[in-house]
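I opened this notebook page to record what I looked up in one structure. The entries follow the order in which I made them.

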Amino acid sequence: MSEAKQKWTDAALVLEALHRFHGFDFRGYNRDFVLERLQMYTDEVECERAIDLIPRLGRDADFARRICESLTVRHTRMFRDPSSYRAIRDQVFPWLSTFPVFRIWHAGCASGEEVLSLAILLKEAGLYERATVFATDISQTTLKRAELAVHAAKDEHELIAAYSEAGGKLSLSEYFTRRGEHLVFSRDLLRRVTFAEHNLAQDEVFSEVHLVICRNVFIYFTEQLQRRAERIFAESLCKGGYLWLGEAEAVTSEHAGVRFRTTDLHPMRVFRRVQTPPLESPPRHAPSPSVTRQPSVSTTKP
Ligand SMILES: C[S@@+](CC[C@H](N)C(=O)[O-])C[C@H]1O[C@@H](n2cnc3c(N)ncnc32)[C@H](O)[C@@H]1O
């Protein structure tokens, strides 16, 4: 067997073991990405081959969890791709403002910078009090960081520039207090946010969401897993609801024009759920605001 084939066989066995022993399903992740991340992890724990991880991951749930953490990239920043925030503010907020209350779901929110960014723009548009926000991720560790709303002060100048490019109206410093090397953001920005663990590979839908934000997550998925996530988003969105993806992402051809249509905001990767999506299976709506597979939910306190 060639070395490349051997490596993938090993990696596939590790993914199977994670799923079988602990229920963590990474089998729908992009192959090159999995190979690269598992290689990094085997080097870190000084194993010769990925397959050597299996005996320990079978008996040690913490070890298995660490492998899962190594299989996710959690890089994010506030007002990432600022022009797309501006487009959302200018073209999606007016539609949101037609509802007395609305729901937003950040799927794959990482450490919450995206959640804070949108909360700031919603506040400045006078819409924050109408919003109910769900912020979910597969990683418990990263969600815990998100709840703290504390970010590195070294990025301050970059953040201020991105905020103003995104259409921020005030001074970003209105929203945080500087403490040593950290910027501590106002708890008020998370008052309407519920953080929850949610796995796009295994969990189910939220209901009557107006805007789903899932940026820079599909790039790690195979097309099959992406289609699953798109189905969940389509079933979660209310009529005409928006799906906002990352700059390098788009809806799969199977769902483009069927579940989602492009918008004038297309270059920004913003799609709209078509009015009546043809569903292969009946929608499985979870009673709001929970999801069907029990997530661990924690709501931030004001
Ligand atoms: C690169 S970050 C993107 C963060 C943010 N959306 C942004 O664009 O800045 C990808 C996030 O997706 C999360 N993720 C990966 N697989 C996931 C899955 N199956 N379900 C939910 N979240 C997932 C990771 O834990 C990580 O926090």
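**Basis.** I worked with a predicted model, in which local features need pLDDT of at least 70, side-chain atom pairs count only at pLDDT 80 or more, and totals for chains, interfaces and linings use all residues. I numbered residues from 1 along each chain as its sequence is written.

**Domains.** I noted that the protein chain is split into domain 1 (3-70) and domain 2 (82-273); such bounds come from an automatic or database domain assignment. Between the C-alpha centres of domain 1 and domain 2 I recorded 30 Å. To their contact, domain 1 gives 6 residues and domain 2 gives 9 residues. Here two residues are in contact if their C-beta atoms, placed from the backbone, lie within 7 Å. On the side of domain 1 that touches domain 2, I listed 2 nonpolar, 2 polar and 2 charged residues. In this classification Ala, Val, Leu, Ile, Met, Phe, Trp, Tyr, Cys and Pro count as nonpolar, Asp, Glu, Lys and Arg as charged, and the others, Gly among them, as polar.

**Ligand.** I found 22 residues around the ligand, the closest being Thr76, Gly108, Ala110, Arg215 and Asn216. A residue qualifies if its C-beta atom, placed from the backbone, lies within 6 Å of the molecule. The shell comprises 8 nonpolar, 9 polar and 5 charged residues.

**Helices α1 and α2.** Helices are DSSP runs (H or I, at least four residues), numbered from the N terminus. The axes of α1 and α2 (residues 31-44) come within 10 Å and cross at roughly 85 degrees. Axes are lines fitted to C-alpha atoms, for helices over the stretch in contact, and angles run from 0 to 180 degrees between N-to-C directions. Lys7, Trp8, Ala11, Val14 and Leu15 of α1 meet Arg31, Val34, Leu35 and Leu38 of α2. This contact holds 7 nonpolar, no polar and 2 charged residues.

**Helices α1 and α4.** For α1 (residues 3-22) and α4 (residues 61-70), I recorded axes that come within 11 Å and cross at roughly 135 degrees. Leu18, Phe21 and His22 in α1 meet Ala61, Ala64, Ile67 and Cys68 in α4.

Key:
Helices (H or I, at least four residues) and strands (E, at least two) are DSSP runs, numbered from the N terminus.
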